[in-house]
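Hi,

Here is the structure we talked about. Please have a look, then read my notes below.

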Amino acid sequence: MAKAAQASSSAVQRVSLLRVLGPAHVWALGVGIVLVGEYTGWNFAADKGGTLAALIICWVIGLLYTSVAMIDSEVTSTVAAAGGQYAQAKHIVGPLMAFNVALYLVFAYTMLEVSNAILIADTIKAYAGEGFTDWHYRGVIATVIVVLAALNYRGVLMTLNVNFVITAIAYLAIIVLFFSVQPWSQGAVLKLGEMVTPENALPYGWIGVIAAFHWGIWYYLGIEGTTQAAEEVRSPARSLPYGTMAGMITLLIGASLTWYICASLMPWQYLGFTYYPLLDAGKLTGSAALETMMFVATILAALASANGCINDAARAWFSLGRDRYLPQWFSAVHPRYRTPYRSILFLLPIALAFAFIANLGQAITFSILSGILQYTFMSINIIKFRQKWPLGTIRRGYTHPFHPLPAIVLFILCVVTYFAIFLGYGAQLTAMVVFYIVMSLWFHFYRYRYVRRGDQFTMPWPKPNGY
Amino acid sequence: MWITVVNIGWAVSALLVAWMVYDWFRIDSTYSEATLTSSREGEIEAASEKHKL
């Protein structure tokens, strides 16, 4: 009898995601998703509070994301599973939290993918001239989303190799632009003293700085996406903290350089209005070569972001299926390419539909809101993680310093950001919270009956403290 | 130039969608559902890490 059961179980060939990634791929995933935020988005903080507010926010939100990166690195180097924060929530808080976190992830990444496709179409339209109709505009969106989905379908190694190359080019473009405008010689090209004066630095005072939190998120939104690669990296305990922290350092430098270049070339009224701050900075230097370089880099940054978002959204959706939080059908892995192919295919038409009907502002706000909900969870999650499994009880790939200070800083900054979003997008914030409440009720009263409760907790950990 | 590129983009997108859908049906009809959905979270951790310090 036992032999028959063994034979039957070994007859089913096991197919799982492929462990082929290293720290460079983790960096490419995190920075790739985020870097587009330097090319567009952050600058709307200047519209809310002036150019100086955009700089203050760059560093304050940098603190928020450094906390996110540190907390994420500790938990994910221990809970190394596809789904990232979803798997963390499941093991540390519980199924309902996990379901919500997975929804935040899927919406944050899918809406970011949609925003990137719209951005690329808008950028090309601005340069295409006469004859570029709605058919062509939609053609750009469809091409971006479908080609990147096919790349993701084909394999994670190729997907993130491509992301590494295009992210590196887009980042180098910012460095090249920085040195081209002679930052060591104010007045030659850059005119920071004329653009930012004591009178216009904070035109709306400190409430403007608070309001600017909304768009400041865009400097770093998505760096936490590195955790989605947890099940595909060769050494999660080493690669995830290393890749995530290296990515955060890269972005802090990139964000500061971007602010310095743009703030020195544009008045705050224009900086807070344009969709292309770095491309406009390239134009304002008067060099056609720099303008072309920034045009190409804008498109590459948006492509890298969309590519990483497809990767991450599909893994979060796949994880939900694997635990039967959604139909198990979604948890299929391609036996040859070793990718969650059904999840990729399922999310493809959804992204296309949103990209065809939504506008950029709505898509970005939806993405930011989902991100902030997720960061709020992370601050609670790490406190519970340290309470249930204190240091020394389980092996951690990385232990973040100054606990619980990063969690407290993260929570406070999230609360401030909710207030900032409420100031500008109160209706969307309310609608979104209602949406997540309805989904939670659906999960609790209907879907959870299909979940195999014992199977979902997979980590070989000792019993938590207090249980 | 952009108009030509976008028209090619439409064609490439249609081909890629056709390829993915074809491959999806081919894989689903070749392998059993049990094999395709056999991935389990934490397999490697369970085998290699006992969390003994």
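The expected span of a helix is 1.5 Å times one less than its number of residues. Keep that in mind for helix H2 of chain A. Note too that this is a predicted model.

Helix H2 (residues 23–34) of chain A has 12 residues. From first C-alpha to last, H2(A) reaches 17 Å, close to the expected 16 Å.

Is H2(A) mostly covered or mostly open? Mostly covered: 11 of its 12 residues are buried. Among them are A:Pro23, A:His25, A:Trp27 and A:Leu29. A:Gly30, A:Gly32 and A:Val34 are buried as well. The cover over these buried residues includes helices H3 (36–39), H7 (95–128) and H9 (156–180) of chain A. It also includes H13 (236–263) and H16 (288–322) of chain A.

Now the interface. On the chain B side, 36 residues are in contact with 57 residues of chain A. The two chains bury about 4000 Å² between them. Carbon and sulfur atoms give 62% of that area.

How many salt bridges are there between chain B and chain A? The count is 3. In one salt bridge, the side chains of B:Glu41 and A:Lys90 meet at 2.9 Å, N to O.

Helices H1 (2–30), H2 (33–36) and H3 (43–48) of chain B each give two or more residues to the side that touches chain A. H1(B) gives the most, with 16 residues. By type, that side of chain B divides into 17 nonpolar, 9 polar and 10 charged residues.

Best wishes

Methods: Residues numbered from 1 in each chain as written. Chains lettered and ligands numbered in written order. Predicted model: local features only at pLDDT ≥ 70, side-chain atom pairs only at ≥ 80, totals over all residues. Heavy atoms only, no water. Contact = heavy atoms within 4.5 Å. Buried area = accessible area lost by both parts, 1.4 Å probe. Salt bridge = Lys/Arg side-chain N within 4 Å of Asp/Glu carboxyl O. Helix = DSSP H or I, 4+ residues; strand = E, 2+ residues; numbered from the N terminus. Nonpolar A, V, L, I, M, F, W, Y, C, P; charged D, E, K, R; others polar. Buried < 20%, exposed > 50% of the residue type's maximum accessible area, 1.4 Å probe, protein only.
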